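Here is a short briefing to read alongside the coordinates. Have the viewer open and follow the strands and the nonpolar cores as you go.

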Amino acid sequence: MKVVIAIDSLKGSLTSIEAATAIKQGILNVDGNIDIEIKPLADGGEGTVEALVEGMNGEIKTISVTGPILEKVDATYGILKDTNTAIIEMAQASGLPLVPQDLRNPLNTTTYGVGEIIKEAIKKGCRNFIVGIGGSATNDCGIGMLQALGFEFYNKENKLVGLGGKELNEIKYIKTNNRLKELDECKFRIACDVNNPLYGENGAAYIYGPQKGATEEIVKELDEGLRNFAKVVKSDLNKDIANVEGVGAAGGLGFGFLGFLNAKLESGIKIILDEIKLEESVKNADIVITGEGRLDNQTAMGKAPIGVAKLAKKHNAKVIAIAGCTTEDAVECNKEGIDAYFSIVNSTMSIEEAMKPEIAKNNIIQTVTQVFNLIKIMK
């Protein structure tokens with residue numbers, strides 16, 4: 001029998017690999033001859049760097065970059081040396097938690113630090129990039145990132161514009177000749193799980209601006225800036241992409257990646273499943289085990305475990321999910337390819353206790369041991 005394990009992290013408790021290792025131990029408690037393969041899992045958002053680096057023998061790097069309000073912040077990213085791939089979470093450099101509540105204003109915040117991470121990774125030999133763009137504090141359409149990479153944006157007085165969303169309405173033309181030349185060798189895959197256009201009532205400013213500190217007036221100003229920038233990009237670069245699904249993600253950062261770096265905006269889980277080559281592993285698997293911290297109807301709407309389940313079903317494998325907790329509406333997951341799911345909490349305990357790493361590991365081991373005891377007697 002072959003079992004493939006690809007479980008998301010139990011956030012605040014266990015990493016993807018720690019949870020998978022506990023599952024493996026539970027299986028081996030029942031049958032030491034089962035062929036077990038562990039794959040790291042994430043959805044392109046928070047925890048992606050940690051999961052892929054830990055699961056694919058990568059390295060974590062830390063760099064001091066320009067934060068969203070121009071203060072220096074320490075940002076981490078990952079490098080997978082075998083494929084010269086950098087794994088970046090934009091929130092490390094430009095995330096909303098980096099901005100104090102009273103200073104949140106997307107007119108002022110910048111993605112400049114994201115560009116600094118990319119530039120540093122290029123210096124270290126990376127030419128492939130996986131970038132998660134969730135959790136931003138910005139609405140600058142990625143111009144900060146692009147400025148860090150050598151792209152130049154000029155106002156009507158032929159002067160370079162500054163940083164922040166407020167500058168978008170000032171841009172009159174673009175120069176690309178001083179951009180980092182190595183960018184031509186780079187491939188960017190952007191984990192983007194929203195479908196917002198750049199501007200308008202469903203665009204970056206109106207949908208996401210308020211949660212970043214934008215008032216009604218600021219939202220209108222930002223939206224006008226996005227419209228202006230899209231117009232200049234269409235005129236100068238001959239790219240009419242403002243209505244492409246996802247370009248409104250992260251305050252228009254999706255637009256910046258697509259328009260200037262020839263990136264692909266893709267489902268986060270699709271990118272990760274491709275990167276870890278999960279399909280190759282499940283082709284001859286009998287059972288695939290997945291899961292996450294909380295299994296509910298939101299899981300069924302396309303989160304990482306469902307991505308795993310659909311791939312497993314394509315190759316006729318049985319799918320079991322293990323979760324920190326399950327809800328009544330988690331039955332929706334059965335309709336999406338998960339054959340059976342199990343909560344690891346087997347006795348009364350507080351959430352705080354259940355999330356302690358050692359307790360969570362032991363609970364996983366006990367639960368999986370009993371699951372495979374059942375599988376053993378059903379053979």
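In this predicted model, Thr85 stands opposite Asn128 of strand S6. That pair belongs to the parallel pairing of S5 (residues 85–89) with S6 (residues 128–132), which are joined by five bridges. Helix H9 (residues 268–275) packs on the sheet and touches S5 and S6, along with S4 (72–80), S9 (187–191) and S10.

**The six-stranded sheet**
- The strand order is S3-S4-S5-S6-S9-S10, in an open sheet with mixed pairing.
- S3 (59–66) and S10 (264–266) are the edge strands; each has a single partner strand, so one side of each lacks a neighbour in the sheet.
- On average, neighbouring strands here are turned by 25° against each other, direction ignored.
- The direction of helix H9 makes about 130° with that of S9.

**The S1–S2 pair**
- S1 (residues 2–5) and S2 (residues 35–38) run parallel and are joined by four bridges.
- Within this pair, Ile5 stands opposite Ile38 of S2.

**Nonpolar cores**
- The largest nonpolar core holds 60 residues, and Phe129, Phe229 and Phe257 have the most contacts inside it.
- Helix H7 (residues 216–237) supplies the largest share of this core, eight residues.
- Leaving aside residues up to four places away in sequence, Phe229 touches Cys141, Ile143, Phe153, Leu168, Ile171, Ile174, Phe255 and Phe260.
- A second, separate core has 33 residues, including Ile130, Ile271, Ala312 and Val319.

Terms used: Residues numbered from 1 in each chain as written. Predicted model: local features only at pLDDT ≥ 70, side-chain atom pairs only at ≥ 80, totals over all residues. Heavy atoms only, no water. Pairing = 2+ DSSP bridges. Helix = DSSP H or I, 4+ residues; strand = E, 2+ residues; numbered from the N terminus. Axes fitted to C-alpha atoms, helices over the stretch in contact; angles between N-to-C directions. Contact = heavy atoms within 4.5 Å. Core = buried A, V, L, I, M, F, W, Y, C linked by side-chain atoms within 4.5 Å. Buried < 20%, exposed > 50% of the residue type's maximum accessible area, 1.4 Å probe, protein only.
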